[in-house]
Amino acid sequence: MSVDPLGREQQDAYAISAEFYDVLQAERDEARVRRLYRDDVRKARVGVLDVGAGTGRVTLMSLMESQVPVHAVEPTRSMRSPLMTRLTSLDANLRMRVTVYPHPLDVVGLHEVADVAVCHNTIACLHPASRQTLWPAIAEALVAGGVLLIQLPPARLPHHETTHVFPTQRVGRYEYGGRMVASADVNRIRTRFEYWVRGEGGVLRQHNETFWMWPASRTKVIGELEECGFSPLPERADASVLAVRLGRR
């Protein structure tokens, strides 16, 4: 038996947000995942690869909508924990079709395990150097002719600070709420998430967590992927998604 050395696991950047993600965003994200990727997942005949699986929206949809093995890659422990909890609540036959990998894809080293790959809500948070490492790892994990679906990062820096308020959700006696504030910071986008929990007597807890995003245009991303053997497919109805196909090896 081998044991991973201390510190090998990716730093847990979602330690705070993991508590609030599902209660504030999951319902809306689940509907979006079905709309963006379900038709492609239903066509999978080899396997589905979920890169940056998070708490499992794409993974669970893929299990329900396909009959093939599902490979969920999620290096961050706090996001992977609710994913594992969801999977253990499923029927044993469904659980046998999914494998969860706790390391980045280039470390996992999957080879021709899928004909559909999805990167949802993931690429924007990758440093450009990390993107360059990810693309060949995805190409290695796909069979020839496999399709990769990417939720694109923002194309440019925001001109001014923007705020998105999440709908308040009630769980028992408490209300959960939050907002995301995005602003430009040199060549990156600073995204600050602010959360609160309120009871009858007022605010009980407040937390915040900051993430960084790196803009990249559709043309830029396509150019990076072409170097790894992908070619763009016709543009989707939702322009936030880029679809590419892996050529022959």
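Where is N121 found? N121 lies in the loop between β4 and α6 (128-141). Its phi is near 55°, a positive value in a residue other than glycine. The model is predicted: local features need pLDDT of at least 70, side-chain atom pairs count only at pLDDT 80 or more, and totals for chains, interfaces and linings use all residues. Residues are numbered from 1 along each chain as its sequence is written, and side-chain values use heavy atoms, with hydrogens and water left out. Helices (H or I, at least four residues) and strands (E, at least two) are DSSP runs, numbered from the N terminus.

E112 also has a positive phi in a residue other than glycine, near 50°. E112 sits in the loop between α5 (105-108) and β4 (114-119). With a relative accessible area of 34%, E112 is partly exposed. Buried here means under 20% relative accessible area, exposed over 50%, and partly exposed in between (1.4 Å probe, protein chains only).

An open sheet is formed by seven strands. Their order is β3-β2-β1-β4-β5-β11-β10, and the pairing is mixed. Two strands pair if DSSP finds at least two bridges between them. β3 and β10 (230-232) stand at the edges. Each has a single partner strand, so one side of each lacks a neighbour in the sheet. On average, neighbouring strands of this sheet are turned by 20° against each other, direction ignored. Axes are lines fitted to C-alpha atoms, for helices over the stretch in contact, and angles run from 0 to 180 degrees between N-to-C directions.

Within the sheet, β1 and β2 pair in the parallel sense over four bridges. V51 has V73 in β2 as its bridge partner. β4 and strand β5 (residues 142-151) also run parallel, joined by five bridges. There, C119 stands opposite I150 in β5. In a regular strand the side chains alternate between the two faces of the sheet. In β2, both faces are covered. V70 and A72 are buried on one side, and H71 and V73 are buried on the other.

α3 lies across β2 and β3 and runs at about 165° to β3. α6 touches β1 (48-51), β4, β5, β10 and β11 (241-246). The direction of α6 makes about 135° with that of β5. Contact means heavy atoms within 4.5 Å.

Helix α3 (residues 77-88) has 12 residues, which should span 16 Å at 1.5 Å a residue. The expected span is 1.5 Å times one less than the number of residues. The end C-alpha atoms of α3 are 16 Å apart, which agrees. The buried residues of α3 are S78, M79, R80, L83, R86 and L87. They pack against α1 (17-42), α2 (57-65), β2 (70-73), α4 (92-95) and β3 (98-101).

α2 is largely enclosed by the rest of the structure, because seven of its nine residues are buried. These are R57, V58, T59, L60, M61, S62 and L63. T76 lies in the loop between β2 and α3. At 1% relative accessibility, T76 counts as buried. T76 and D12 are 64 residues apart in sequence, yet 5.5 Å apart in space, C-alpha to C-alpha.

Aromatic rings are considered next. The structure holds six aromatic pairs. Rings of Phe, Tyr and Trp (its six-membered ring) pair if their centres lie within 6.5 Å; planes under 30 degrees apart count as stacked, over 60 as edge-to-face and the rest as tilted. F166 and F193 have ring centres 6.2 Å apart and planes at 10°, so the pair is stacked. F166 lies in strand β6 (residues 162-171) and F193 in strand β8 (residues 188-199), so the pair ties together parts that are 27 residues apart in sequence. F166 is buried, with a relative accessible area of 7%. F193 is buried as well, at 11%. F193 and Y195 also form a stacked pair, with centres 6.2 Å apart and planes at 20°. Both F193 and Y195 are buried. Ring pairs link Y14, F20, F166, Y176, F193, Y195 and F211 into a cluster.

Two arginines sit over rings. R188 lies over the face of W212, 3.7 Å from the ring centre. The charged end of R198 sits over the ring of W196, 4.1 Å from its centre. A charge sits over a ring if NZ of Lys or CZ of Arg is within 6 Å of the ring centre and within 35 degrees of the ring normal.
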